[in-house]
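Reader: Please take a close look at one part of this structure and describe its surroundings. Keep it plain.

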Amino acid sequence: MEVHHHPNVEKKNFKEYFLEFLMIFLAVTMGFFAESIRENLTDNSKEKQYIKSMIADLKNDTAMLRDVIDNNMKRVSGIDTLSLLLNKTSLTVDDEKRIYILNSHYVSNVAAMIWSDGTIRQLLTSGNLRLMSEQGTSDSIMNYYGPHKDMASGQTDILFEGVKRAYFAAEDIFDRSFTKLQMNKDRSFSRKPLPDTMRLLTKEKTALKKYSQMSLTTQGLINNYLSMLFDMHKRAKNLLLFLQAKYDIK
């Protein structure tokens, strides 16, 4: 009869079980921390890239805001001169030509701000605004890109409507053949040199007075727009300086 001998199994004591548990726990914990550190490093890298891109956007905005503000300030001054001429008791030939030029430069088109907002759009659509390491940073960003910018953009649309209204009203006063664009052979557009004499279609005082009023209405819209642009320029400069200092980026 065969006799089977059972192998001796060495039993582990509590201390050995505890050490095994501790080693597994430490391995899992270290893996968790390593993954967390890796994610933080990745997020920090993404954050800094977004900030660099936003700083570039803000530099573009501040430069363009200065140009648009300067352009619109010239429009305000030009419309003042135009309104004075339209309300003169009598007009000389030179006055009429000057009215054409002033109207073309300052009433019949718009100097509008085009925002460099590619970075903030990416942050908002991707949900990556959360990458900003501190609440104060995201608050500062939205202080510029939030409702104030939306209001300025909305004023641009209102200004376009005012300019369009004045543009069509001017058909009864100005001979457009003097200032119309012509297509060149290369499909570009240009204007012919202005003639020496440019007579108004009418010098009837009521018509000129009404157009002067429409021009002043446009001027009022420009002034509202300017006040918003001044505010946005200040906000852009403040945000730019804040981000450059916080992230040590020039």
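Author: A strand here is a DSSP run of E with at least two residues, and strands are numbered from the N terminus. The model is predicted. Strand β1 covers residues 181-183, and methionine 183 belongs to it. With a relative accessibility of 54%, methionine 183 counts as exposed, because the cut-off for that class is over 50%.

Helix α2 (residues 93-106) gives the largest share of the lining, three residues.

Helix α2 also carries glutamate 96, whose side chain forms a salt bridge with lysine 203 at 3.4 Å, N to O. This pair links distant parts of the chain, since lysine 203 lies in the loop between β2 (189-191) and α6 (205-247), 107 residues apart from its partner. Glutamate 96 has a relative accessible area of 0% and is therefore buried, whereas lysine 203, at 39%, is partly exposed. Arg199 joins Glu96 and Lys203 in a network of salt bridges.

Another salt bridge pairs aspartate 95 with lysine 88, with 2.7 Å between the closest N and O atoms. Aspartate 95 is buried at 11% relative accessibility, and lysine 88 is partly exposed at 32%. The structure has seven salt bridges.

Terms used. Residues are numbered from 1 along each chain as its sequence is written. This is a predicted model: local features need pLDDT of at least 70, side-chain atom pairs count only at pLDDT 80 or more; totals for chains, interfaces and linings use all residues. Side-chain values use heavy atoms; hydrogens and water are left out. Helices (H or I, at least four residues) and strands (E, at least two) are DSSP runs, numbered from the N terminus. Buried means under 20% relative accessible area, exposed over 50%, partly exposed in between (1.4 Å probe, protein chains only). A salt bridge is a side-chain nitrogen of Lys or Arg within 4 Å of a carboxyl oxygen of Asp or Glu.
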